[in-house]
Amino acid sequence: MLTATYTLVALSVEQASVRLSLQSFQQYVRNTLLQQNSITLSQLEFACESLHKLYQACHWRKTEMYLIPALRQTTERADHLLDELNRLNQSALTAIRNLQEKMGIFAGMQDFRVEHVCHSIETFCSSMLKRLEKEEQELFAIARAAFAGDTWFSIANQLMMHDKHLEEMKRCAPAAVAPRAAARQLTDAQITIPGLQVLPIVEEDASEETSPRTGPVRVRPAVRHGLLDEALAK
């Protein structure tokens, strides 16, 4: 079971990176925005952009891309848990859309009520942190019991090829290329670096579940303004 251990450790490291980003932004909001009586348009735009980047970081995790699809194909034991993970994911998406709606409603105002914004941010962060916790405490345990050695070997191979692909993309990208231009070259790869990084944006349906992707993914670089309207509006 060394392959299983290696794979779960690799996934846990990635989980820790995403968790750190979520907790850091959550703490930023509590220490800064919640201390204000109102929030400016630029602060609201920054919050929207940050939430979208955080969602992308969660969406492109290796757990999401490789472990969950393999688990669906192997056992039905995880169906209830996967449904719960999807509900947490939808809760986070709803929080982003609520923030988007507030930006539209308050477009003609000079400032915004800070509690309206912070509630959506707190809901998003709490939902995604809860999902990460359930994955590590419950999903990983189910996978360890359900997968045979050849399945673990296949997943471990996918993880290594994933990392190799990222390294090749980094070496091929010219040093002078701006981060956003470099991100444009990434298709289905995840960047797992602590902090709020520029990640690929996936065009997805609001009803998407945590299931294997069956069609091509359209990816384009993140932009600061109009980010949520393009990626999430239906």
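## Helix packing and nonpolar cores in a predicted model

The axes of helix 1 (residues 2-31) and helix 5 (residues 114-146) cross at roughly 165 degrees and come within 10 Å of each other. Here axes are lines fitted to C-alpha atoms, for helices over the stretch in contact, and angles run from 0 to 180 degrees between N-to-C directions. Helix 1 and helix 5 are therefore roughly antiparallel to each other. In this scheme, angles under 35 degrees count as roughly parallel, those over 145 as roughly antiparallel, those from 65 to 115 as roughly perpendicular, and the rest as oblique.

This is a predicted model, in which local features need pLDDT of at least 70 and side-chain atom pairs count only at pLDDT 80 or more, while totals for chains, interfaces and linings use all residues. Residues are numbered from 1 along each chain as its sequence is written, and side-chain values use heavy atoms, with hydrogens and water left out.

### Overall organisation

The protein chain contains 8 helices and 4 strands. Helices (H or I, at least four residues) and strands (E, at least two) are DSSP runs, numbered from the N terminus. Along the sequence, these elements follow the pattern α-β-α-α-α-β-α-α-α-β-β-α. Of the 234 residues in the protein chain, 45% are buried. Buried means under 20% relative accessible area, exposed means over 50%, and partly exposed lies in between (1.4 Å probe, protein chains only). Among contacts in the protein chain with a separation of 6 or more, 84% join residues 24 or more positions apart. A contact means heavy atoms within 4.5 Å.

### How the helices pack

Two packed helices are described by the angle between their axes and the distance between the axes. The crossing of helix 1 and helix 5 is left-handed. A crossing is left-handed if the near helix is turned anticlockwise from the far one by less than a right angle, and right-handed if clockwise. The residues in the contact of helix 1 with helix 5 comprise 15 nonpolar, 6 polar and 6 charged. For these classes, Ala, Val, Leu, Ile, Met, Phe, Trp, Tyr, Cys and Pro count as nonpolar, Asp, Glu, Lys and Arg as charged, and the others, Gly among them, as polar.

Helix 1 also packs against helix 6 (residues 149-172), at an angle of about 40 degrees and with the axes 9 Å apart. That angle makes helix 1 oblique to helix 6. Helix 1 passes helix 6 in a left-handed crossing. From helix 1, the contact involves Thr3, Ala4, Tyr6, Thr7, Leu8, Ala10 and Leu11, and from helix 6 it involves Trp152, Phe153, Ile155, Ala156, Leu159 and Met160. By class, the contact of helix 1 with helix 6 has 11 nonpolar and 2 polar residues, and no charged residues.

Helix 5 has a further partner in helix 3 (residues 62-74): the two pack at an angle of about 45 degrees, with their axes 11 Å apart. Helix 3 is thus oblique to helix 5. This crossing of helix 3 and helix 5 is left-handed. Among the residues making the contact are Leu67, Ile68 and Leu71 of helix 3 and Leu139, Phe140 and Ile142 of helix 5. The contact of helix 3 with helix 5 has 8 nonpolar, 2 polar and 3 charged residues.

### Nonpolar cores

The largest nonpolar core has 27 residues, and those with the most contacts inside it are Leu22, Phe25, Leu33, Leu51, Leu99, Ile121 and Phe124. A nonpolar core is a set of buried Ala, Val, Leu, Ile, Met, Phe, Trp, Tyr and Cys residues joined through side-chain atoms within 4.5 Å. At least two residues of this core come from each of helix 1, helix 2 (41-59), helix 4 (79-105) and helix 5. Helix 5 gives the most to this core, with 9 residues. Apart from this core lies another, of 22 residues, including Ala4, Leu8, Leu82 and Trp152.

Leaving aside its neighbours within four places in sequence, Leu51 is in contact with Phe25, Ile96, Leu99, Ile121 and Phe124.

### Partly exposed residues and their partners

Lys130 lies in helix 5 and is partly exposed, with a relative accessible area of 37%. Gln23 belongs to helix 1 and is partly exposed at 39% relative accessible area. Arg87, in helix 4, is partly exposed at 49% relative accessible area.

| Pair | Separation in sequence | C-alpha to C-alpha distance |
|---|---|---|
| Lys130 and Arg19 | 111 residues | 9.9 Å |
| Gln23 and Cys125 | 102 residues | 7.5 Å |
| Arg87 and Arg131 | 44 residues | 9.3 Å |
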